[in-house]
Structure formats: C-alpha cells, structure tokens
Amino acid sequence: MAAPDRTRSAASRRRTQSERSSETRRRLLEATVDSLIEVGYAGTTTRRVTELAGVSQGAQTHHFPHRVDLVASAFEHLAEQRIARYSERARELGGDRAARLRALLDLLWEDFSSPLFTVAAKLWVAAADDPELRARLVPVERRIYRATASVAREVAGELGEEEGFDRLLAVAMNTVAGLALVREFDPSGRAERGEQWAYHREALERMLSAP
C-alpha cells in the first residue's frame, strides 16, 4: 500500500494567511450586498454585516476601517459582478441585426431589473445626502456605464459603429434604468401590471435603428 502523501494532505487542511484574508473580505462584501438588498443603506450597519458574514468586528475593521469603506467596496464588488454577468450574457447573443438589437435591449432590461441594480439605486439615494459616499460611487458608476456601453456596441455590430449610436444608446440606457426604478419603487404597483417593457422595447428598437 502506498504511503499517504502527508505534504498534500497538510496543504489541503491549511489555507495561507492570504487565502483566509481574501475569504474574509469576500464574505464581508457579500454580506454587505445582502444587507443592502434586505434593509437598505440606513440599516446596513457594520455590526449587522459582521453578523451576516460570521466574522469578528476586529476582522471587519482590519479590512474596512469605516462603514463608507465597506459599502463603497461592496458597490465595486457589485459592479464587477454586473459587468461580468452582462459580458457573459452578451457573448451568447446571435442572429441578424434586428434580433441582436432586440436581444441587446432585453439584456439591458434584465440587468437593470436585477437585485444588483436595486442595491445601486438605494446607494445613490443615500449618496444624495452623503458627499463622501457619493465621491466613492461616482467613478465606479462611470466604469459600469463605459463597460455596458462597450458591450452594447459590440452586440449591435455594424449598427454600433454608426454615427449617433452612442447618443441613442445613452437615451435607451437611461430609459431602461428609469423603468426599472419605477417598477421597483412605485408604491402604486402600476408598473407591475401590463406589458410595460414590451411597449417600451418596441419604441427603443425603432429609435436605435435610426442612425
């Protein structure tokens, strides 16, 4: 019988300090996102996040000394997830020009209708009264927009290279974001009824085909 590989066995039982630190950081960021979805910015305290993450207050302070550091880093983590998800889904799209354009709009709607966008919206509301938080969110939001626009132009193919497409794409993205906000936060519930997206998608398809 072969002797057990003690070195490999020991390595499988122990993680490096760097790996443990990365795992703690990841748990804190994901717990922050979960908390923002559940109770918003005001309710997302460092105590609540550490409890959700299952880590000590000292570990949280080591990685993120202040709440704004924690929340801003969670927003960046969220941005990376949104960009990666959007890019992955975009690579799956095919078909002719009209089909790709419709699929692109559906992809935008899917992204802006996700819980990830809801978190971003809640943070922007909070940032209106918190200059420090706003300063941390602005560059990340710009990165999200640039990445999304870049993928959208790629999906649109030759249409994305036409003059004026970027301007119309900005209108489409703002429209989709507005619809998502209304659906998420309108207390009347009207946005949940009817075929709101189908109606607006048809109008946006015509507009984006204009260049």
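Predicted model: local features only at pLDDT ≥ 70, side-chain atom pairs only at ≥ 80, totals over all residues.
An α-helix has 3.6 residues a turn, so residues three or four places apart point the same way. H9 spans 30 Å from its first C-alpha to its last over 21 residues, close to the 30 Å expected at 1.5 Å a residue, the expected span being 1.5 Å times one less than the number of residues.

Helix H7 (residues 115–127) packs against H9 (residues 165–185) at an angle of about 85°, and their axes are 11 Å apart; axes are lines fitted to C-alpha atoms over the stretch in contact, with angles from 0 to 180 degrees between N-to-C directions. H7 is therefore roughly perpendicular to H9 (65 to 115 degrees). In the contact (heavy atoms within 4.5 Å), Phe117, Thr118, Ala121 and Lys122 of H7 meet Ala177, Ala180, Leu181, Glu184 and Phe185 of H9. By class, six of these residues are nonpolar, one is polar and two are charged.

The chain as a whole has ten helices and zero strands, assigned as DSSP runs (H or I, at least four residues, for helices; E, at least two, for strands). Of its 211 residues, 40% count as buried.

Residues are numbered from 1 along each chain as its sequence is written. Local features need pLDDT of at least 70 and side-chain atom pairs pLDDT 80 or more, while totals for chains, interfaces and linings use all residues, and side-chain values use heavy atoms, without hydrogens and water.

Technical notes
Parallel < 35°, antiparallel > 145°, perpendicular 65-115°, else oblique. Nonpolar A, V, L, I, M, F, W, Y, C, P; charged D, E, K, R; others polar. Buried < 20%, exposed > 50% of the residue type's maximum accessible area, 1.4 Å probe, protein only.
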